[in-house]
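Please keep the structure open while reading.

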Amino acid sequence: MAPGLSMPAEICSEDDEQFESSYQKGVKYLSDNNNNNGIITRVPTKYILPALDRPNSSEADHCTSTNLNLPVIDFAELQGPNRTQVIKSLAKACEEFGFFQLVNHSISRDVIGNMIEVSKSFFELSFDERAKYMSSDMYSPVRYGTSFNQSKDKVFCWRDFLKLSCNPMSNALSFWPSCPVDFREVAVDYSSQTKFLYLMLMEAILESLGLLEEPMGKLNDKQTWKDFEDGSQLMVVNCYPSCPEPDLTLGMPPHSDYGLLTLLLQDEVKGLQIQHQGKWLTVEPIPNCFVVNVGDHLEIFSNGKYQSVLHRVLVNSSKSRISIASLHSLPFNCMIRPSPKLVDEANPRRYKDTDFATFLEYVSSREPKSKNFLESRKLM
Ligand SMILES: O=C(O)CCC(=O)C(=O)O
C-alpha cells in the first residue's frame, strides 16, 4: 500500500480482492471513504500510470502549462447575414483544430447552470444511491461507472461517469436517476436543447463541406437529413474528484470521440487538453460556452477532411471538476461511410463502412486508447 494512503476501513491490502472491488466502486467512493480526516494523501497503485503515460512525461507534454485559445464560433452570427463568413471560419476550425468554442449559442444560462448543478448533486449522493445505476451493459439506457473501461483498464483513470442514452427518450427516461428529484426534468431539457443546437451546427458543417445544395433535403443517394434528426445522442456526465498526486494519473486517457460531433460543457475548473501540432494544450474554460469537437464518424463521413483529435483530461489537487459531454451521431442502425460527394479520383475513399455495433464490439473487447478504432477503419 502506498505510504500515507488511508483506505476505506474494510480494505487492507492493495493486492487483495476487496481492494479491487473497492476500486470498482469508483474514485468518488475512494475519496469519500477514507479515514484520514476525509483526505486521501496518496494515489493508490491502481491509478498510477506507467511513467511515459503520465502528464508532463513526454516531449508532447512540455507545453502542458500552455493554454490554448481555440477558434471561437459565434452561433448567433451563423444565423445572420455573416453566415457565409462564419461557415468559412467553421471549416477552418474543423480542419486545423478539430475543436472550437461555441458562444452565443441560445441555450439559456439557467438550463446550463441547472445541468451542472444537478450533475454535481448526483455525484454527492450516497454510494448506494449512485450504485443503483451501475451496469456493465453497454446498451443500458443508464450506466454509472468509473475509469474509461473498468472491466479492461489495467490502470484506472481518476474519473467516475454517468452515461445517459437519449434514444428513444420515451423508453430511456424511466431508467434515468430519479434522485435528485429534479434530475430527469433538468437533464431532458438540457438534452433536447443540445440536440437542437447540434442539428443547427451539423447543418452548417454539411454546408461547409459543400453537401447542402438542397438544404435539409436529400444529401446523396443514401443519406437524408432525417438520419441526422433521428440520430443517436449519448450524454456522459464526468466527475473528476480532486486528486492528491495529479502528476501520476489522468482523469481520461488520450482518446477521440466516436460520433459526428461532441458538445462539451465544463464547469470553471480546467482539465481538458487537446493534442495540437504534437503538443498537449489546455483548453481554457469560457463560462456559458460549449467546446465542440469533431468525432471519428465525422472524420469518416468527410473522408478525412475534418479529423477527430486526441484529447485527455488532467486532474488537480485542489478542486473536483464536472463536465457533461453530449455525443451525437447517426441512428445506431445506420452505416457511417464517406459521403459519395467527397470521394473522387483525387480523393479516393479512405475509410471502410462502419456502424455503431462494430464500434461497441471493438471497445468492449480491448482497451480503447488513442484513435485505434478509427485506425482499424482506414483503407489506406
Ligand atoms: O471532461 C472533459 O473535459 C472531457 C470529457 C471527454 O473527453 C469525454 O467525455 O469523452
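Strand E9, residues 272-276, and strand E12, residues 311-313, run antiparallel and are joined by three bridges. Within this pairing, Gln273 stands opposite Arg312 of E12. The model is a predicted one. In general, the strands of a sheet pair through backbone hydrogen bonds, and the pairing can be parallel or antiparallel.

Both strands belong to an open sheet of five strands, in which the order is E1-E10-E9-E12-E7 and the pairing is mixed. Reading that order from end to end, E9 sits between E10 and E12. The edges of the sheet are formed by strand E1 (67-68) and strand E7 (252-255), each of which pairs on one side only.

Which residues are in contact with Trp158, leaving aside neighbours within four places in sequence? They are Val27, Tyr47, Tyr240, Cys243, Thr249, Leu250, Gly251 and Val315.

The last step is the protein as a whole. It has 380 residues, of which 39% count as buried. Its secondary structure consists of twelve helices and 13 strands. Among contacts with a separation of 6 or more, 79% are between residues 24 or more positions apart.

Conventions: Residues numbered from 1 in each chain as written. Predicted model: local features only at pLDDT ≥ 70, side-chain atom pairs only at ≥ 80, totals over all residues. Pairing = 2+ DSSP bridges. Helix = DSSP H or I, 4+ residues; strand = E, 2+ residues; numbered from the N terminus. Contact = placed C-beta atoms within 7 Å. Buried ≥ 20, exposed ≤ 12 C-beta atoms within 10 Å, placed from the backbone.
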